[in-house]
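The entries follow in the order in which I checked them.

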Amino acid sequence: LAVSEARHRQGIGRCLFEWLRESALTAGIVEVKVEMRARNTAARKFYESLGFTQTGVVPGYYCNTEDALRMAMDPRRKCGER
């Protein structure tokens, strides 16, 4: 998911994710995973608000200089449920 910075905090990302979650449910998918730069705290907080939890860190993933943060959630749960 990516939303232009000019459009952040307008509910667009949440709507996109809700569409993705419904699509995953229809397809029988039981886990949705995301990955982001570890320093991207805004993305981490956004995904946590949707019910994602951290599942791991990949050291040096981005050009051997920055870690990646991995998160996952069960799409059968409503946004925000853990």
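Entry, burial. I looked up F17 and F52 and found both buried, where buried means under 20% relative accessible area, exposed over 50% and partly exposed in between, with a 1.4 Å probe and protein chains only.

Entry, basis. I am working from a predicted model, in which local features need pLDDT of at least 70, side-chain atom pairs count only at pLDDT 80 or more, and totals for chains, interfaces and linings use all residues. I number residues from 1 along each chain as its sequence is written, and side-chain values use heavy atoms, with hydrogens and water left out.

Entry, aromatic pairs. I took rings of Phe, Tyr and Trp (its six-membered ring) as paired if their centres lie within 6.5 Å, with planes under 30 degrees apart counted as stacked, over 60 as edge-to-face and the rest as tilted. By this rule I count four aromatic pairs. For F17 and F52 the ring centres are 5.5 Å apart and the planes stand at 65°, so I noted the pair as edge-to-face. This pair links distant parts of the chain, 35 residues apart: F17 is in helix α1 (residues 12-27), F52 in the loop between α2 (41-49) and β2 (53-62). Helices (H or I, at least four residues) and strands (E, at least two) are DSSP runs, numbered from the N terminus. The pair Y61 and Y62 is also edge-to-face, because its centres are 5.0 Å apart and its planes at 85°. I noted one aromatic cluster formed by F17, F46, Y47 and F52.

Entry, sheet. I found an open sheet of three strands in the order β1-β3-β2, with antiparallel pairing; two strands pair if DSSP finds at least two bridges between them. β1 (32-37) and β2 are the edge strands, each pairing on one side only. Six bridges join β2 to the antiparallel β3. I looked up V57 and found L69 as its bridge partner in β3.

Entry, E66. Which strand holds E66? I placed E66 in β3 (residues 66-73). E66 counts as buried because its relative accessibility is 10%. Its side chain makes a polar contact with the side chain of R39 at 3.1 Å (a pair of N or O atoms within 3.5 Å; within protein, one must be able to donate a hydrogen and the other to accept it, and residues adjacent in sequence count only if both atoms are side-chain atoms).
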